[in-house]
Amino acid sequence: MSEAMAESAPDARVDINELPGRGFLNVRLDPRDKHAVKSAEQVLGQAMPLVANTYSSGTHRVYWLGPDEWLIETDAENAAALSGELGEALADFNVAINDVSGGHVAQRLSGPESRTVLAKGCTIDLHPREFGPGQCARTALARATVLLAAGSEPDSYTIIAARSFTDYLRHWLTHAAKK
Amino acid sequence: MLLIECPWCGPRAETEFSYGGEAGIVRPLDPDALSDEEWADYLFYRANPRGAHRELWNHAHGCRRWFGVERDTVSYRIAGSFRLGPAGSETGKGANTERDD
């Protein structure tokens, strides 16, 4: 990401970095089916977040996307194997598991001004009291659909968006950080 | 800007949503039995009330789910949102927490 760093003003106080080597799985299942949820959790080794707008951290990150939809962020090299393991464990349930690694890119936004910069293009309340560690939201950032997650450190965010929006978002964030 | 409460994600700005027209339009079970007038009424004619209006919204930038909103077409005040169940069984906000599919 030397290009992004070159674009950042030296006093921007915001860092934008693409997270390399991330893989993504989209999982659809009915959360009322406790056995399906448990089977998925056994494979993942961590909780499937059932509360809206939250994610669980562990070996992977599991983001809540909707009432029956999740996004699993894992190592790119592990995505296909994990997809296979989940498919096997959930074969008897009504589920859909799709490897969407190719279509998504994760970027990390950090630095003391990151919340101010995000707030320029995002309508949700980003104050840590409302949007703290463990919380995520699929929302619009500068009119692009993104999955925004608050990191465990203050003023650090993960932005997962469609690959085709990545350059646009990076340019927008870089520009927003300058003013 | 309207603040619309998504039944799953909570209150979000209007720009995250797309509008889907009047709620509660039920497709006729036997379209062949309808007259042209009745079919046209189902396809094209809507109540367009002045005042309380139950309408469909989609949380396009969020959880991507369809849900219902009751909005006053004069004041734009939103009385509440509701989840959609099977046709004709719309339930009040919070009542239909388990999906019926």
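Reply: B:Arg83 is found in the segment after strand S6 (78–82) of chain B; helices (H or I, at least four residues) and strands (E, at least two) are DSSP runs, numbered from the N terminus. This is a predicted model, in which local features need pLDDT of at least 70 and side-chain atom pairs count only at pLDDT 80 or more, while totals for chains, interfaces and linings use all residues. Residues are numbered from 1 along each chain as its sequence is written, chains are lettered from A and ligands numbered from 1 in the order in which they are written, and side-chain values use heavy atoms, with hydrogens and water left out.

B:Arg83 counts as buried because its relative accessibility is 14% (buried means under 20% relative accessible area, exposed over 50%, partly exposed in between, with a 1.4 Å probe and protein chains only). Its side chain reaches the backbone oxygen of B:Pro7 at 2.8 Å.

Let's step back to the chain around this residue. Chain B has 1 helix and 6 strands, and from the N terminus on its elements run β-β-β-α-β-β-β. Of its 101 residues, 35% count as buried. Taking contacts in chain B between residues at least 6 apart in sequence, 44% join residues at least 24 apart; contact means heavy atoms within 4.5 Å. The accessible surface of chain B comes to about 6,300 Å², with 50% of it belonging to carbon and sulfur atoms (Shrake-Rupley method, 1.4 Å probe; for residues, only the protein chains shown count as cover).

One spot on that surface deserves a look. B:Leu43, B:Phe44 and B:Tyr45 make a nonpolar surface patch of about 380 Å². Patches are made of residues with over 30% relative accessible area and no salt bridge, joining like charges within 9 Å and nonpolar side chains (Val, Leu, Ile, Met, Phe, Trp, Tyr) within 5 Å. B:Tyr45 sits in the loop between helix H1 (36–44) and strand S4 (52–58) of chain B, and it counts as exposed because its relative accessibility is 58%.

Strand S4 of chain B also takes part in a charged pair. The side chains of B:Glu70 and B:Arg54 meet in a salt bridge, 3.3 Å from N to O. This pair links distant parts of the chain, with B:Glu70 in strand S5 (residues 66–72) and B:Arg54 in strand S4, 16 residues apart. The term salt bridge here is a side-chain nitrogen of Lys or Arg within 4 Å of a carboxyl oxygen of Asp or Glu. Both partners count as partly exposed, because B:Glu70 has a relative accessibility of 26% and B:Arg54 one of 34%. By the same rule the count comes to 14 salt bridges over all chains.

Now to the place where chain B meets its partner. There, 20 residues of chain A are in contact with 15 residues of chain B. The two chains bury about 1,400 Å² between them, 40% of it on carbon and sulfur atoms. A:Arg32, A:Pro67 and A:Arg138 supply 39% of the area that chain A buries against chain B, more than any other three residues. Buried area is the accessible area (1.4 Å probe) that two parts lose on being put together, summed over both.

The polar side of this interface can be counted too. Between chain A and chain B there are 10 residue pairs in polar contact, both residues at pLDDT 80 or more. Strand S4 (61–66) and strand S8 (136–141) of chain A are the elements that give two or more residues to the side of chain A that touches chain B. S8(A) gives the largest share of that side, 4 residues. A polar contact is a pair of N or O atoms within 3.5 Å; within protein, one must be able to donate a hydrogen and the other to accept it, and residues adjacent in sequence count only if both atoms are side-chain atoms.

The count of salt bridges between chain A and chain B is 3. One salt bridge joins A:Glu69 to B:Arg65, the closest N and O atoms being 3.2 Å apart. A:Glu69 also meets A:Arg138 in a salt bridge, at 3.8 Å from N to O. A:Arg138 lies in strand S8 of chain A and A:Glu69 in strand S5 (residues 69–75) of chain A, so the pair ties together parts that are 69 residues apart in sequence. Both count as buried, because A:Arg138 has a relative accessibility of 14% and A:Glu69 one of 1%. A network of salt bridges links A:Arg28, A:Asp68, A:Glu69, A:Arg138, B:Arg64 and B:Arg65.
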